[in-house]
There are 2 protein chains.
Amino acid sequence: MRDGYERAAVRAIAADAGVDVAIVYYFFGSKEGLFTESVLAGPEHPLHQLATLLDEGTDQIGPRLVRRFLEHWDQGDVFEPLLALWRSADIQPLARKVLHDSLAGPLAERVAAEFGAADAELRVELVASQLAGLAFARYQLRIEPIASTSIDDLVAWLGPIVQRYLSDPSPHTVG
Amino acid sequence: MRDGYERAAVRAIAADAGVDVAIVYYFFGSKEGLFTESVLAGPEHPLHQLATLLDEGTDQIGPRLVRRFLEHWDQGDVFEPLLALWRSADIQPLARKVLHDSLAGPLAERVAAEFGAADAELRVELVASQLAGLAFARYQLRIEPIASTSIDDLVAWLGPIVQRYLSDPSPHTVG
DNA sequence: CGCAATGGTCAACGAGTGTTGAAGTATGCT
DNA sequence: AGCATACTTCAACACTCGTTGACCATTGCG
């Protein structure tokens, strides 16, 4: 998760875990097997949190989601599976499946039920891409000033945007 | 640019160029030298285009930027230095410097002069991260439905957002 | 006790990596 | 012509990578 798929060496992972390389292959078969079984088990995925937030009501859902997202990440609970999938985009079909099937899909159903939006899947993906871009700039690239801006300020900027993606009526296409 | 820094082999690059490996080292010194000299010379960078758009006036700058951004990318002019820096985030200090110094910095000055915004740098980075997240979802991950949504629809969604980032008054912090 | 299966270690294979040094060829200046 | 400089080639070094096969250790069952 820390280094991305290509950079991560099976030997190093095994060493960090305090075991021999061969037992990794004994249990997981291959490097890709290790990856899939590791990444499929993440329950505290950033996007997953949107579902729990919906349980607390839909009022001000945008700012609340942005705040929780940033707080978790700032705090350094490096549970960063998003950046992991980021850097591991070599396994594209796999990353795609994980992201879409286990997150966007079911989540979109909830959003649709809650807001009655027809294009719920697109809305969820727009939110996800906005948050992903933010996380990449702030936590991976660490460009300034976005890396040092306070959570409150970022919530003030992004909260209404996310709110809009989720709850506004669909825009009519121009062009 | 196609494979990212780690995956790209100097031998393969040299072979594609029809030359021996050693002449790459003769001219560029190292793999990193080749990378920097390659990436620093991109004048048609996605973000760079914001500057040319400002020359055509600031009216509806948000939708126009989103449209040009998507059209370039859909068209497959694979000038994708953004995704390259993406996947090459190993060279972090380098990627940071390239992105910030050569793009966000000067661009923010123009935005500040045009809109009179005090926090122009943050605004530019917010736009950049939104577009970057979109590009990643649509072109690299290719998750649906965002990958198949028409340019017109995406402009309708994202245009006002980008416009807001650039021209709206700064939000007052709540929290 | 003996035997099979599970869990674990070690060393190695083959392929691929960035990099370099020695040797070759051409080119242009004096 | 002679020589230095720029360019090009080839082969190798010193890794690291994913993966595997041959061995030991332990355990539990008959």
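Keep in mind during the tour that the model is predicted.

**Stop 1: the axis**

**Stop 2: chain A as a whole**

Hide everything but chain A and colour by secondary structure. Chain A has nine helices and zero strands. Read from the N terminus, the order of elements is α-α-α-α-α-α-α-α-α. Of the 175 residues in this chain, 37% count as buried. Now consider which parts of the chain touch. Of the contacts in chain A between residues at least 6 apart in sequence, 67% join residues at least 24 apart.

**Stop 3: where the two chains meet**

Bring chain B back. The contact takes 40 residues from chain A and 40 residues from chain B. Select helix H7 (92-115), helix H8 (120-141) and helix H9 (151-167) of chain A: these are the elements that give two or more residues to the side of chain A that touches chain B. Which helix gives the largest share of that side? H8(A) does, with 14 residues. By class, the side of chain A that touches chain B has 21 nonpolar, nine polar and ten charged residues.

**Stop 4: H8 against H9 in chain A**

- From H8(A), select A:Arg123, A:Leu126, A:Val127, A:Gln130 and A:Leu134.
- From H9(A), select A:Leu158, A:Ile161, A:Val162, A:Tyr165 and A:Leu166.

By class, this contact has eight nonpolar, one polar and one charged residues. The spacing along each helix is worth a look. An α-helix has 3.6 residues a turn, so residues three or four places apart point the same way.

**Stop 5: the loop between H8 and H9**

Move to A:Arg142, which lies in the loop between H8 and H9 of chain A. Most residues other than glycine have a negative phi, and most peptide bonds are trans. A:Arg142 is not a glycine, yet its phi is positive, about 55°. Is A:Arg142 buried or partly exposed? A residue needs 20 or more other C-beta atoms within 10 Å to be buried; A:Arg142 has 16 such neighbours and so counts as partly exposed.

The peptide bond from A:Glu144 to A:Pro145 is cis, with omega near 10°.

Jump to chain B and select B:Arg142, in the loop between H8 and H9 of that chain. B:Arg142 has a positive phi of about 55°. B:Pro145 is also in the loop between H8 and H9 of chain B, and a cis peptide bond with omega about 10° joins B:Glu144 and B:Pro145.

**Stop 6: DNA strand D**

Show DNA strand D. Around it are 15 residues, and the closest are A:Ala9, A:Tyr25, A:Lys31, B:Asp20 and B:Ala22. Helix H1 (10-17) and helix H2 (21-28) of chain A, together with helix H2 (21-28) of chain B, are the elements that give two or more residues to this surface. H2(B) gives the largest share, four residues. The surface near DNA strand D has eleven nonpolar, one polar and three charged residues.

**Stop 7: DNA strand C**

Switch to DNA strand C, which has 15 residues around it. A:Asp20, A:Ala22, B:Ala9, B:Tyr25 and B:Lys31 come nearest. Here the elements giving two or more residues are H2 of chain A, with helix H1 (10-17) and H2 of chain B. Which helix gives the largest share of the surface near DNA strand C? H2(A) does, with four residues. The residues near DNA strand C divide into eleven nonpolar, one polar and three charged.

End at H1(B). The count of buried residues among its eight residues is zero. After H1(B) comes B:Gly18, with a positive phi near 80°.

Notes
Residues numbered from 1 in each chain as written. Chains lettered and ligands numbered in written order. Predicted model: local features only at pLDDT ≥ 70, side-chain atom pairs only at ≥ 80, totals over all residues. Near = placed C-beta within 6 Å. Nonpolar A, V, L, I, M, F, W, Y, C, P; charged D, E, K, R; others polar. Buried ≥ 20, exposed ≤ 12 C-beta atoms within 10 Å, placed from the backbone. Contact = placed C-beta atoms within 7 Å.
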